[in-house]
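Biologist: I'm new to this one. Could you walk me through it?
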Amino acid sequence: MKIKITLKVLIATLFVCFFLFTVSSAENGHYIDSLGHDIYLPKPPQHIVSLAPNITEILFALGLGDKVVGVTNYCNYPPEALKKEKVGMLLNPSIEKILSLSPDLILLVAEGANKDTYEKLQKIKAKVFVISPSNIGKLYDSIVAIGKICRVEDRAAKVVSTLKKRMKKVKDSLSDVKPVPLLFLLDINPLVSVSSKSFYGELFSIARADNVVKNSRIRYPRIGWEEIIKFSPEVIIIAKHSDNMTENFMEFEKMPAVRATPAFKNGRIYLVDGDIVTRMGPRIIDAIEIFAKKIHPEVFK
């Protein structure tokens, strides 16, 4: 009996110690990023550099735009982001330019070819915090994490709560509809689509779309014209990344393979804002709403 009681006391003590350690580490300015690295920031950051468009959008959504001193050349939303100092390209920013801004926090995404940038910043002992919003759940986690390290936890909680409510509204609206065969293209020259291995698998599941390229072994496969005929999509959605895409889109619609699809015959080929539908940030809910309304217009009349 004594052994059992002692064991229970020991477990309870360890739990309390763990809880106190977790709280005190946050209070002492220690934060763990998605790579498991401990970042020490004893005070709220005042000069933040964002190295990805989705991070920039998160910062502004949290009301931290005035703390942002540098962004990449691709950070174009919200419009205020365009006024910030540019530190270079997404995958190869200028370390010299970053340092000239004297940042006390640099935010980076784990995905893509960012390893070199991360290692360079680590060598100079820069304060780098990495997030990994590879799906919607991890996006919520990333927003909360940035909110904590910037000491705006309440704002982060409100942003996440709002996004979840909008997500639930879409899910509830589409709960009884049948998935529609969809071809989604990130580019049309060359033809680049997405598989279920990418975060689009989750988005299309919510939007009740049956991605015709879902079974590809790679996340962003190139496809041929003959495959478009074979897939026979009822809806085709294309991400527009530049004004030049409009001319390419007109040429795309003239192709025999495209004209053979139910999507073309029923006037269901759409060009949508590429920034909104390709960034795993707060506007990803906008992307889901766009997909849902294009795929199931009868539900959102």
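This is a predicted model: local features need pLDDT of at least 70, side-chain atom pairs count only at pLDDT 80 or more; totals for chains, interfaces and linings use all residues.

Biologist: OK, how many helices and strands does the protein chain have?
Modeller: The protein chain has 13 helices and 13 strands. Its C-alpha atoms fill a box of roughly 75 × 60 × 35 Å along the principal axes.

Biologist: And what percentage of the 301 residues is buried?
Modeller: Buried residues come to 45% of the 301.

Biologist: Let's look at a helix pair. How do helix 5 and helix 6 cross?
Modeller: Helix 5 covers residues 136-149 and helix 6 covers residues 153-173; their axes come within 7 Å and cross at roughly 160°. That makes the two helices roughly antiparallel, since angles over 145 degrees count that way. The crossing is right-handed.

Biologist: Which residues meet there?
Modeller: From helix 5 you get I136, Y140, I143, V144, G147 and K148, and they meet E153, A156, V159, V160, L163, K164 and M167 in helix 6. By type, that contact has nine nonpolar residues, one polar and three charged.

Biologist: Switching to helix 9, which residues are buried?
Modeller: In helix 9, residues 244-254, the buried ones are M245, F249 and F252. Looking down the helix 9 axis, its buried residues fall within an arc of 60°, so they line one face of the helix.

Biologist: What's on the face turned away from the buried side of helix 9?
Modeller: That face carries N244 and E247, which are exposed.

Notes. Residues are numbered from 1 along each chain as its sequence is written. Side-chain values use heavy atoms; hydrogens and water are left out. Buried means under 20% relative accessible area, exposed over 50%, partly exposed in between (1.4 Å probe, protein chains only). Helices (H or I, at least four residues) and strands (E, at least two) are DSSP runs, numbered from the N terminus. The arc is that of the directions from the helix axis to the C-beta atoms. Axes are lines fitted to C-alpha atoms, for helices over the stretch in contact, and angles run from 0 to 180 degrees between N-to-C directions. Angles under 35 degrees count as roughly parallel, over 145 as roughly antiparallel, 65 to 115 as roughly perpendicular and the rest as oblique. A crossing is left-handed if the near helix is turned anticlockwise from the far one by less than a right angle, and right-handed if clockwise. Contact means heavy atoms within 4.5 Å. Ala, Val, Leu, Ile, Met, Phe, Trp, Tyr, Cys and Pro count as nonpolar, Asp, Glu, Lys and Arg as charged, and the others, Gly among them, as polar.
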